[in-house]
Amino acid sequence: MHGLINRSIQNFLSDSYGPAVWSAVVRQSEIGSDNFEPMLSYPSEQTEAMLNAASETLRRPKNELLEDLGTYLVCHPHLEALRRLLRFGGVGFVDFLHTLEDLPDRGRLALSDLELPEIILLDQGDGHYRLHCAPMVDGAGFIVVGLLRAMADDYGALVLLDHLGREGAYEVLSVHLLDQSYTEGKRFDLALPVGQ
Amino acid sequence: MKNASLTNADMASFSSEALDRLMPMHLLLDGRANVISYGPTLGRVFQHHNITPGKFFDLFAVRRPTGVSTARKLSALVGERVQLTLKAGEDSLSLRGLCQEMAGARGFLLNLSFGIGVVDAVRALSLTEADFAPTDLAIEMLYLVEAKSAVMRELRDLNLRLQEARLAAEQQALTDTLTGLRNRRALESEMHLLIGRGTSFALFHLDLDYFKQVNDTLGHAAGDFVLRQVAEILSIETRTSDTVARVGGDEFVIILNRVEDYDFLLPIADRIIAALTVPMDFEGQVCKISGSIGITLSTNYQSPDIEVLHADADAALYESKRAGRGRATVFQTAPPMAKLA
């Protein structure tokens, strides 16, 4: 697993629940080190072990945690760079949904060894979409749910999201877009001011 | 590809709206190089500089191909890779593109782009996705620029952390953990450095006297305490540029650099021994030690060799011990030392 992903989980846990919880997760998951380097790679089992330990330590279902992780990735001020990279995906939320299929390619453009889940979008008309997501960790679809919820807010769109469970190799999500411009959304300039 | 039912002329005519969408940075010129119309994104450039487009050559300098500065030479641009500089503004905005002549020689169509300057242009003109044709890779370029910066930030942070870890590890590898003095490895590398640079130095070998008794009668804790006190004394009696190392249980080595004669070496050695001889108090117990020192100077040797220097300093140290300990001896060149042996 790419260190960037493990590091995101580490930051999510320590930013949201404090360093003590992170230390407890490190102990329980026996991942050895208490710090993931975002530019290095780690065995995938560590990611699973870490998520399971977090769920046990916090006594919260793993799916809920993963959904919060997805929201954290978009909303936390430290990750403004990531929010911006996602916003390059499209002018409006519909555009953004359609570029989700490019997500793994976009990831690889930024970091050639970064693997992101393959996503397939089915437009069922009338604002109804199905997303098929090939999870890299069990329950990754919930991360996508959290991420989409936060991105909808960012774009100012009103959506209903649901995780429909697994179908073969894919986790299936339903997206119901009620209003693409429900609010103004968050401002996005294509280029940052000099020095930022 | 041609379709039989359409002529070339049909193919070439678009509504101005279609042209604006297809090429938001196009420029239409008549045969005399007057601007007939232009795309909306180019319009934002003109607006930004308060320009009312009139004559092409008033607006732009043609940098490539060279020598095109009048309407009569416009046709030289056709089919070429064109590079223009906007005359207005201090930042000399550079645009590149392609020029084609329109059917029936009615004028010229230039399709332009910001090229590598796209990030600055987007920033300066507050451009949005709507200002670019969907075929334009400008947005992907902006995405890449930001992705690259984010990755570079992470890599820089990683390098800083690695650098810190490396320095800490190096420090650890060169330090005697009990006393904080340098260790044998650090000592050897310092001697190599000084010899390599041709810097003169004095080498002290110091053995503690009666240390074994302290260890045996008062225990290891007292022994460790004494060793730390000795480290403190040696650090006080030397300059920060000198090297003090612990190389064995109660064996120390000092390098005093930039020293060429013996005259002030013995006073230093005497001061060290005097300080060592002051009884130390360890949790109410008195620890009494002393020290014997052997000294040699790098300037004694034609080409100083680390092994030889150590051997000679050791010989002088042996002489100090033989003469009753608690004293310093300077290594004498061959004849007198031979007598001692």
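Predicted model: local features only at pLDDT ≥ 70, side-chain atom pairs only at ≥ 80, totals over all residues.
Read from the N terminus, the elements of chain A follow the order α-α-α-α-α-α-α-β-β-α-β-β. Of the 196 residues in chain A, 51% are buried, and among its contacts between residues at least 6 apart in sequence, 65% join residues at least 24 apart. Chain B, in turn, contains 12 helices and 13 strands. In chain B, 42% of the 341 residues count as buried, and 55% of the contacts between residues at least 6 apart in sequence join residues at least 24 apart.

Two packed helices are described by the angle between their axes and the distance between the axes. The axes of H1(A), residues 3-17, and H3(A), residues 44-58, come within 10 Å and cross at roughly 15°. Because angles under 35 degrees count as roughly parallel, H1(A) and H3(A) are therefore roughly parallel to each other, and their crossing is left-handed. On the side of H1(A), this contact is made by Asn6(A), Ile9(A), Leu13(A) and Tyr17(A), and on the side of H3(A) by Gln46(A), Thr47(A), Met50(A), Leu51(A), Ala54(A) and Leu58(A). Classified by residue type, the contact of H1(A) with H3(A) has 7 nonpolar and 3 polar residues, with no charged residues.

A second contact of H1(A) involves helix H4(A), residues 62-75, whose axis comes within 10 Å of that of H1(A) and crosses it at roughly 95°. Since angles of 65 to 115 degrees count as roughly perpendicular, H1(A) and H4(A) are accordingly roughly perpendicular to each other. H1(A) contributes Ser8(A), Ile9(A), Asn11(A), Phe12(A), Asp15(A), Ser16(A) and Tyr17(A) to this contact, whereas H4(A) contributes Leu65(A), Asp68(A), Leu69(A), Tyr72(A) and Leu73(A). The classes represented in the contact of H1(A) with H4(A) are 7 nonpolar, 3 polar and 2 charged residues.

Helix H2(A), which spans residues 19-29, has Val21(A), Trp22(A), Ala24(A), Val25(A), Val26(A) and Ser29(A) as buried residues. The elements that cover the buried residues of H2(A) include H1(A) and H3(A). Just after H2(A), Glu30(A) adopts a positive phi of about 55°.

Helix H8(A) comprises the 16 residues 140-155, which at 1.5 Å a residue should span 22 Å, and the end C-alpha atoms of H8(A) are 22 Å apart, in agreement with this expectation. Of these 16 residues, 14 are buried, so that H8(A) is largely enclosed by the rest of the structure. H8(A) is followed by Gly156(A), for which phi is positive, near 85°.

Asp154(A) lies in helix H8 of chain A and, with a relative accessible area of 6%, is buried, the limit for this class being under 20%. When neighbours within four places in sequence are left aside, Asp154(A) is in contact with Val74(A), Arg83(A), Arg87(A), Gly185(A) and Lys186(A). Asp154(A) and Arg187(A), although 33 residues apart in sequence, are 8.1 Å apart in space from C-alpha to C-alpha.

Key: Residues numbered from 1 in each chain as written. Chains lettered and ligands numbered in written order. Heavy atoms only, no water. Buried < 20%, exposed > 50% of the residue type's maximum accessible area, 1.4 Å probe, protein only. Helix = DSSP H or I, 4+ residues; strand = E, 2+ residues; numbered from the N terminus. Contact = heavy atoms within 4.5 Å. Axes fitted to C-alpha atoms, helices over the stretch in contact; angles between N-to-C directions. Parallel < 35°, antiparallel > 145°, perpendicular 65-115°, else oblique. Left-handed = near helix turned anticlockwise from the far one by under 90°. Nonpolar A, V, L, I, M, F, W, Y, C, P; charged D, E, K, R; others polar. Expected span 1.5 Å × (residues − 1).
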